[in-house]
Amino acid sequence: MNAAAPTERRRIRRLSAETVERIAAGEVVERPASVVKELVENALDAGAASVVVRLAGGGLDRLEVSDDGDGIPAAELELAVEPHATSKLPPAGPIEEIATLGFRGEALAAIGAVARLRLLSRPPDAELAEGIAVAGGSPAGRFAGPRAPGTTVTVEELFYNTPARRKFLRSAAREQVEVVRTLERLYLARPSVSYRLVTEGGTIAELPAATSLADAAARVLGAGFAEGAFPVAGELPGGRVVGTLGAPSRPAATSTELYLAVNGRPIVSRPLALAVRAAYGDTMPRPRFPTGVLHLEIARDRLDVNVHPTKREVRLSGGRDVEDGLRRVVREALVAADRPAPLRGSAAVSPRAGDARASGRPAEANVPRPASAVLPRQRTLEPPARAGAPAVVAAAAGRPRLELLGSLDALYWIAASDDGLVVVDQHAASERLLFETLLGGGRLARQSLVEPVILRLTAGDRAALAAHAAEVGASGFAVEEFGPGSHRLTAVPSYRGRRAPAEGLVELLRELAGGGRPTLPDGLVARRAASIACHAALRAGDVVERTTIADLLGALDRLPDRPRSCPHGRPIMVSLPRARLDRWFLRSPG
Ligand code: ADP
Ligand code: MG
């Protein structure tokens, strides 16, 4: 039994009209993962110790959640699937003081309205399990059968009667990724409960009940997380926080690997995530993010969970104080773990280059710019356009459009254009080119490994690999299954003049999985290409052969309507027109 479940089960009752009105309205059923979330929350509220989720077709064809919780009395089955009927609130009581995950009495009804639902339940003191079927939103018969105490909810043909919704969903493999991630979030919010996820292909995720948060975190974040992870514990205004965070030297590429929970409920909170990031300050290069799990226990009267229909976000009263407190606790834990912690005040998030260097981890975007370097240096450069080095790109008029003059600090390329000087950002330009290659269906360069690397991927990573095989292939990684639970990496992208490390695959998978929010398909394809391009692109500080730069400039020039920004919107180049130079040097035009 988990601590947050109420000790005694109330009967299911209809909520009063006033209470219904005060409940945050909105869609709770968006996709298989949201159905799984609602059903698992019900299992947790029923005190389950173990939950099994089965999926067919990523949950679109069929999904089932079974628990060993305290069940639903046969007499209450009709009410359970009725809207606004719940056992978790007193009929007219305050919705502010909720100890359970659910309280709206709406999930089963909402699922029953968009799918075929069957509920089979046996309270511990009943001899037999009894069930109810729901079709088209109304009860469609009762049945009975043998079952161990607990509840099984089966959902078939999700959105069969709302084709517009169904069209919005992604492939079965991608919906499955979301289900895995949802279970991981729930597990990390309450690792005393164990989960098993079974699909057509067998058990694909096993999350056993853990007594330590560190064990649970390593289960989800991978064994490497444990290296250098450190404990966090401290007081917050109106509560406290405990958890485990990853070493600054092992950051994530996205913010999705920091798992936050408030009172046993997984939440997303940008302000709280920013507070944690701020505590790491310059010990971690940007743009990189902390990993780990933090549990906040906050007094119920300071917490409003009724702000979001799926209860994904919560409101904390005195939120700023909690953020400040969290940042302080995490920073102290970092120091205690003997990591280089930022010494400056609370404005720890400084992008200043010197500080990043002092910590021994140069941030790529922060290479210092000597103010006087541009013109003197380029004078010393060798002439462009040697034979075999297509430094000059012939434009339609026959005149070179971008002619390489030189580069500055392995960061900026200086070129002559038909009307002056152009300064090109090495990373942005390279990123844009790779992005275009990927969008055009091209593949990035790869290098075969003489000795394949055996990988043990987490369940989430395996699901992401299944869902994004095409993108992974295009990025240059070649990976194949190798026995149960193992994969073999046979090739890696070769970029920036060197081989990508094997761990780059995990980073990419998590980024791909993290981008799986519902969006227009086009947007999503472009976003994925942008993720890959960003990983593969030249960085500031990468020293590149002159001929390579010239090739890249040529390719840039050949892009249709010569884009001016990288996929993230940073500029690729700035121009200094001849006319402006002339004005600066007080020459009359001509
Ligand atoms: P809510 O969780 O907000 O009360 P739901 O529609 O999800 O609303 O569930 C309605 C009611 O059905 C719950 O209040 C609970 O009494 C009962 N119930 C649902 N699922 C389970 C379960 N797995 N085990 C025990 N009771 C359940
Ligand atoms: Mg519920």
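The legends below describe close-up views of a predicted model.

Residues are numbered from 1 along each chain as its sequence is written, and chains are lettered from A and ligands numbered from 1 in the order in which they are written. Because the model is predicted, local features need pLDDT of at least 70 and side-chain atom pairs count only at pLDDT 80 or more, while totals for chains, interfaces and linings use all residues; side-chain values use heavy atoms, with hydrogens and water left out.

**View 1. The shell around ligand 1.** Ligand 1 is surrounded by 21 residues, the closest being Asn42, Thr86, Ser87, Lys88 and Gly105 (a residue is near a molecule if one of its heavy atoms lies within 4 Å of it). At least two residues of this shell come from each of α2 (32–45), β4 (85–86) and α4 (107–114), where helices are DSSP runs of H or I with at least four residues and strands are runs of E with at least two, numbered from the N terminus. By type, the shell holds nine nonpolar, seven polar and five charged residues, with Ala, Val, Leu, Ile, Met, Phe, Trp, Tyr, Cys and Pro counted as nonpolar, Asp, Glu, Lys and Arg as charged, and the others, Gly among them, as polar.

**View 2. Polar atoms beside ligand 1.** An N or O atom in the side chain of Asp67 is 2.8 Å from a nitrogen atom of ligand 1, and an oxygen atom of the ligand lies 2.5 Å from a polar side-chain atom of Ser87. A polar backbone atom of Leu108 is 2.9 Å from an oxygen atom of ligand 1. Of the 530 Å² of accessible area that ligand 1 has on its own, the protein covers 97% (Shrake-Rupley method, 1.4 Å probe).

**View 3. The open, mixed sheet.** Eight strands are arranged in the order β7-β6-β5-β8-β3-β2-β9-β10, and two strands pair if DSSP finds at least two bridges between them. At the edges, β7 (138–145) and β10 (202–207) each pair on one side only. Strands β5 (residues 116–122) and β6 (residues 129–135) are antiparallel over five bridges, and Arg118 has Ala133 in β6 as its bridge partner.

**View 4. Helices α13 and α8.** Helix α13 (residues 459–467) is largely enclosed by the rest of the structure, because seven of its nine residues are buried, that is, under 20% relative accessible area with a 1.4 Å probe and protein chains only. In helix α8 (residues 270–280), the buried residues include Leu272, Val276 and Tyr280. Just after α8, Gly281 has a positive phi of about 50°.

Definitions and conventions
Polar contact = N/O pair within 3.5 Å; in protein donor to acceptor, adjacent residues only side chain to side chain. Buried < 20%, exposed > 50% of the residue type's maximum accessible area, 1.4 Å probe, protein only.
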